[in-house]
Amino acid sequence: MGLFDRLFGKKKDTKEQIEEQEIAQVLEETSADESKEVVETAAVEPQADEVVESEATPDAEAVSQSEEASQLDETKEVAEADFSGVMADYYAKKKAAKEALDRGETVEFEAVETKQEDVKEEPAEPVSAPVETEEEKYNRSLKKTRTGFSARLNAFLANFRRVDEDFFEELEEMLILSDVGVNVATQLTEDLRYEAKLENAKKADGLKRVIIEKLVEIYEKDGVFNEQINFQDGLTVMLFVGVNGVGKTTSIGKLAYKYKNEGKKVMLVAADTFRAGAVAQLAEWGRRVDVPVVTGPEKADPASVVFDGMERAVAENVDVLLIDTAGRLQNKDNLMAELEKIGRIIKRVVPDAPHETLLALDASTGQNALSQAKEFSKITPLTGLILTKIDGTAKGGVVLAIRQELDIPVKFIGFGEKIDDIGEFDSEDFIRGLLEGII
């Protein structure tokens, strides 16, 4: 079963959708005509059975109505008597209470029957925020992307009554504005142009589901997503790269919190010694989540700090070692040389490490994030991506572009600012959160 079928049900081709719409329209018109005919017939030709019955049983009907009226009168009398008794008792108590007060006596008088001891106040319990599931986090964080794309698509389809060349040109432009990428938009438009011609589609709205199907197919690609984290039986080494300001160090801190809560022994390495405040930022994360951070002297050689961290992690039987690196040096060649040197140092201690080399990308930058992924993939081999700040942008569609243009899987996604707002990426949850509600 394909990704679209698992998320939204069995696919329907364009011809099948159009046929269903035509059948529904015919059924609706037929139903309306039949209803009109029945109403007219009933008004003009009363049934003989109904006439005979009404003439044959006037006395029985009258008797039945009389009995019902009698029962209602009796019920009313009983209710009025009960009410009168209650009110008489109330006023008697009130009068007695007033006389007692006039005599200077203390009086307890209940105006209602409910007694105070019957109403018990439970102590207020502390209200804790409900724990979000991963699916709920995807829905929340992708809300801006989903509503933005949905609004654009619905407005676009409302403006076109027929499928022609103008329709496809405008569709391609709309998709590019939705940050799915130029290549994705071009491929999708060409696929739709072929489908429309093949099925002789005439109406724009009839292609809505097909558009979503094609987007899912583009993401599904070969059906191999490679999203699993390459955890090891012993030490797992994760190397983090990315330009300054994308949320790389914050993502490391959140992952440290996540893995520690899962019972793993975690350690951080502050190898971004070139950026002012980077070491202090990671050290603060270590303090917050209570995990050790390996640091070096100011302006220390990053590779030497990494070597110290690797040896300490092995000696202390650490499960997960998270290494922060510089996002940008003076130029691309310097950055490449630095990352290669760090890689050699890691392998000197653990030959098959790093097990993950993860590039952090800011989703709110849209196509610029795609450009960064292309550039970093030339500098160092990447095993995966971390998509940050997805909750504050309408540009989550860039994941489709990354999937289509680069053979690099998204492995982590940042849902927001809370310490637990990070999770392992799940294709089905992401696509459902991105497109559900549009169809």
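A residue counts as buried when its relative accessible area is under 20%. I252 has 0% relative accessibility, so I252 counts as buried. This is a predicted model. I252 sits in helix 10, which covers residues 248-261. Leaving aside neighbours within four places in sequence, I252 is in contact with F240, L268, L282, L322, I323 and D324. G286 is 34 residues from I252 along the chain. The C-alpha atoms of I252 and G286 are separated by 9.7 Å.

T249 is also found in helix 10. Its relative accessible area is 4%, so T249 is buried. With neighbours within four places in sequence left aside, T249 is in contact with R275, Q281, L282, W285 and D324. T249 and A270 lie 21 residues apart in sequence. From C-alpha to C-alpha, T249 and A270 are 9.3 Å apart in space.

## The whole protein

The protein has 439 residues, and buried residues make up 41% of them. Its secondary structure comes to 16 helices and eight strands. The accessible surface is about 25000 Å². Carbon and sulfur atoms account for 50% of that surface.

How much of the contact total, at a separation of 6 or more, comes from residues 24 or more positions apart? The share is 79%.

## A threonine in helix 8

T189 lies in helix 8, residues 182-199. Is T189 buried or exposed? T189 has a relative accessible area of 0%, and is therefore buried. Leaving out neighbours within four places in sequence, T189 is in contact with F168, E172 and L175.

## Helix 9 against helix 15

Two packed helices are described by the angle between their axes and the distance between the axes. Helix 9 spans residues 208-220, and helix 15 spans residues 398-405. Their axes come within 8 Å. The crossing angle is roughly 50°. Angles from 65 to 115 degrees count as roughly perpendicular, and those under 35 as roughly parallel. Helix 9 and helix 15 are therefore oblique to each other.

Which residues meet at this contact? Helix 9 brings L215, I218, Y219 and E220. Helix 15 brings V399, L400, R403 and Q404. The residues of this contact divide into five nonpolar, one polar and two charged.

R140 lies in helix 5, residues 134-141. Its relative accessibility is 31%, so R140 counts as partly exposed. Not counting residues up to four places away in sequence, R140 touches E132, F415 and D421. R140 and F415 are 275 residues apart along the chain. Their C-alpha atoms are separated by 8.0 Å.

For residues 409-422, UniProt lists "domain: SRP54-type proteins GTP-binding" in an unreviewed entry. In the model, this span is 0% helix and 43% strand. The C-alpha atoms at the ends of residues 409-422 lie 16 Å apart.

## Backbone geometry in the loops

Where is the cis peptide bond? The bond from A353 to P354 is cis, with omega near -5°. P354 lies in the loop between helix 13 (332-349) and strand 5 (356-362).

D290 and N317 each have a positive phi without being glycine. For D290, phi is near 60°. D290 lies in the loop between helix 11 (278-289) and strand 3 (293-294). At 58% relative accessibility, D290 counts as exposed, because the cut-off for exposed is over 50%. For N317, phi is about 55°. N317 has its place in the loop between helix 12 (302-315) and strand 4 (320-324). N317 has 61% relative accessibility, so N317 counts as exposed.

Methods. Residues numbered from 1 in each chain as written. Predicted model: local features only at pLDDT ≥ 70, side-chain atom pairs only at ≥ 80, totals over all residues. Heavy atoms only, no water. Axes fitted to C-alpha atoms, helices over the stretch in contact; angles between N-to-C directions. Helix = DSSP H or I, 4+ residues; strand = E, 2+ residues; numbered from the N terminus. Parallel < 35°, antiparallel > 145°, perpendicular 65-115°, else oblique. Contact = heavy atoms within 4.5 Å. Nonpolar A, V, L, I, M, F, W, Y, C, P; charged D, E, K, R; others polar. Buried < 20%, exposed > 50% of the residue type's maximum accessible area, 1.4 Å probe, protein only. UniProt positions renumbered as here; feature names shortened; annotations may be inferred. Areas by Shrake-Rupley, 256 points an atom, 1.4 Å probe, with all protein chains shown as cover.
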